[in-house]
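Let's take a friendly tour of the pockets in this protein. Have the sequence and the 3D view ready as you read.

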Amino acid sequence: MFDRANLYRIAPFGAYVFFMLLEDMLLKFGWEANDLRLLYAVKITVVAGLLWTMRSAYSELRWPVGTSFRTWAVAIVAGIVVFVAWINLTADWMVMGESVGFDPRDQDEIDWFLVVVRLVGAALVVPVMEELFWRSFLMRWIDHPNFLSVNPAHIGLKAFCITAVLFAVAHSLWLAGLFAGIVYNLLYMRSGTLWSPILAHAITNAILGIWIVSTGSWGFW
């Protein structure tokens, strides 16, 4: 499993998860969430650095020349639909565990540097990192260890379902995560380009971030 092609797609995701686990551990050891707000900036910088360093290995990120306008329009609409689902699928049974959230306020004043970092990370870095791992690598790898040879359109039901379920349990809003995972999987399979779910994922996260700041619903971060 851990050949070079696999590691290039696992490493940025692994770094992101490492910082999440580090934050959880520090909170359990008595650190305050307010003391860890800059950790997100470090996390995103590390992940972005890894993506940039290994960019030449990501053949699936070559721009899909000739892709129809309809492909991009569907991705944009899908991203908006996932956002709507994300802020509404919040009943108690749809939530797993507790989300610490990310509150960028300091003495009731919003720290706009932290907001911008969070928005940039969520809308520009996370979609690329996650889609490389979940869709391009894991979903195809479950189908065949030589995942780069797998045509997205030919991914089987088993790989589709496992990836969607794992994507769901990776989020505290598991039902919203399941819905998002299904939508992003379908976009990748039907469009044949990873840029379709990346765009949808970016739209979801960008609108969600703007909505969070506008409404003060920090728990969604």
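Which helix gives the most to the lining of the second largest pocket? It is H6, with five residues.

## About the model

This is a predicted model, where local features need pLDDT of at least 70 and side-chain atom pairs count only at pLDDT 80 or more, while totals for chains, interfaces and linings use all residues. Residues are numbered from 1 along each chain as its sequence is written, and side-chain values use heavy atoms, with hydrogens and water left out.

## The second largest pocket

About 210 Å³ of space lies here. A pocket is an open set of points on a 1 Å grid over the protein atoms alone, where a 1.4 Å probe fits, with protein on both sides within 12 Å along at least five of seven lines; lining residues have an atom within 4 Å of a point. The volume is the space filled by probe spheres set on the points, which are joined across faces, edges and corners.

Among the lining residues are Arg70, Val74, Leu187 and Ser196. H3 and H6 each supply at least two of the lining residues; helices are DSSP runs (H or I, at least four residues), numbered from the N terminus.

## The largest pocket

The largest pocket holds about 1400 Å³ of space. Of its 47 lining residues, Met20, Ser99, Arg118, His171 and Trp221 are the closest to the centre. Helices giving two or more residues to this lining include H1 (4-28), H4 (112-143) and H7 (195-215). H1 gives the most, with eight residues.
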